[in-house]
Amino acid sequence: MTTLKQYLDGTKCEKKLKELIELIAAQGVPIRKAFISNQKYVDTKNIYGEEQIALDTWSNEHLIRVFRRSGLVSAVASEEEAEVIRFPKAMADYAVVMDPLDGSSLVQTNLAVGTIIGIYDNGDVMQKGRNMRAALYILYGPMTVLTLTVKEGVHVFALNQGGEYVMIEKNVKMPEGKIYASGALKKDWLPEHRKFITGLEKEGYKLRYSGSFVADVHQLLKYGGMFSYPAFRGHKHGKLRLLFEVNPLGFIITQAGGKVSDGYKNALGVMPEKIDYRTPVYIGSKGVIRKLEKMFNG
Ligand code: AHG
Ligand code: MN
Ligand code: MN
């Protein structure tokens, strides 16, 4: 079986990028271990006013510490931090955008959550998603899996008993499937979004929404279909964050032959106005996202 290291050695990645990806992958072990002792809500809110659980802050601080010590990363933007963190002494110029723990409201229910990471190679976190050099997520489900793209296809690795990632799916191409998901309260959906979802339901699309973006998108790689967190009443930018959630997963899905959109255009072409910029998101199989954009653009 191909290990993550063997796979990376066969790619065009430079040595330092390989080191960084392996370093991030290795953090799946301590983060997973931290689940049992970091279940509780702590009495703090993040910059979006969302309650943090201990595991949000633990994973965030842990990863920032790892990046600082590595000397490989010159800037980090995290969903849990109001400002970009810079490491001027770093020996490499990778800039990391991350959601240390996505789907954290599910931690106490033991459903799948994940760590989302995007990597740029020019020290800058404030740029279009399509400039990414690599993107990955670690999904803590029944297995711990790592889904990675270094712009040479999308591959899935599973953490084995020996603490090594081994490839379980090579060159994933997402099918046109019939799974759909939509966030926000139905009563707050805007008319166009409602119309599109109703259309999908009529076509026989099946609802699968867990509350964890990373888990909901992961299943689309296998089954195809569409996940959305739309603009909704009083929230024209929706809920999900361009830098930390939409761009890295959008980059992966696009590499797997799918598409990501803000409803009207490719989300990977959007220049973030600020670090905590939110965007409506439609992500999934190419056909359904094209159809959505066509309808939204009239
Ligand atoms: P996070 O746990 O990083 O704050 O992200 C939660 C996000 C995303 O994972 C999920 O799709 C969505 O918020 C769920 O929101 P609702 O609770 O509104 O459904
Ligand atoms: Mn998140
Ligand atoms: Mn998060």
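Student: How many salt bridges does the count come to by the rule?
Tutor: The count comes to twelve salt bridges, taking a salt bridge as a side-chain nitrogen of Lys or Arg within 4 Å of a carboxyl oxygen of Asp or Glu. Before we go on, this is a predicted model, where local features need pLDDT of at least 70, side-chain atom pairs count only at pLDDT 80 or more, and totals for chains, interfaces and linings use all residues. Residues are numbered from 1 along each chain as its sequence is written, chains are lettered from A and ligands numbered from 1 in the order in which they are written, and side-chain values use heavy atoms, with hydrogens and water left out.

Student: Got it. Which residue does Asp-9 meet in a salt bridge?
Tutor: Asp-9 pairs with Lys-5, at 3.2 Å from N to O. Both residues lie in helix α1 (residues 4–9), four residues apart, which is about one turn of the helix. Helices (H or I, at least four residues) and strands (E, at least two) are DSSP runs, numbered from the N terminus.

Student: New topic: what are the domains in the domain assignment?
Tutor: Domain 1 covers 4–169 and domain 2 covers 179–297, with bounds from an automatic or database domain assignment. Their C-alpha centres lie 22 Å apart.

Student: How many residues of each are in contact?
Tutor: 43 residues of domain 1 touch 32 residues of domain 2, contact being heavy atoms within 4.5 Å. The two domains bury about 2,900 Å² between them, 68% of it on carbon and sulfur atoms. Buried area here is the accessible area (1.4 Å probe) that two parts lose on being put together, summed over both. Tyr-48, Met-126 and Tyr-137 supply 21% of the area that domain 1 buries against domain 2, more than any other three residues.

Student: And how many salt bridges does the rule find across that interface?
Tutor: Three salt bridges are found between domain 1 and domain 2. Elsewhere in the list of pairs, Lys-222 forms a salt bridge with Glu-169, with the closest N and O atoms 3.5 Å apart.

Student: Which strand gives the most to the side of domain 1 that touches domain 2?
Tutor: That is β6, with six residues. By class, this side of domain 1 has 23 nonpolar, nine polar and eleven charged residues. Ala, Val, Leu, Ile, Met, Phe, Trp, Tyr, Cys and Pro count as nonpolar, Asp, Glu, Lys and Arg as charged, and the others, Gly among them, as polar.

Student: On to the metals. What coordinates the manganese ion (ligand 3)?
Tutor: Glu-79 (OE), Asp-99 (OD) and Leu-101 (O) do, at 2.2 to 2.3 Å. Donors are N, O and S atoms within 2.8 Å of the metal (3.2 Å for Na, K and Ca), and water is not among the atoms, so sites may look incomplete.

Student: Which are the protein donors of the manganese ion (ligand 2)?
Tutor: They are Asp-99 (OD), Asp-102 (OD) and Glu-245 (OE), lying 1.8 to 2.1 Å from the ion. Asp-102 is in strand β5 and Glu-245 in helix α7 (residues 242–255), 143 residues apart.

Student: How far apart are the two ions?
Tutor: They are 3.6 Å apart, and Asp-99 coordinates both.
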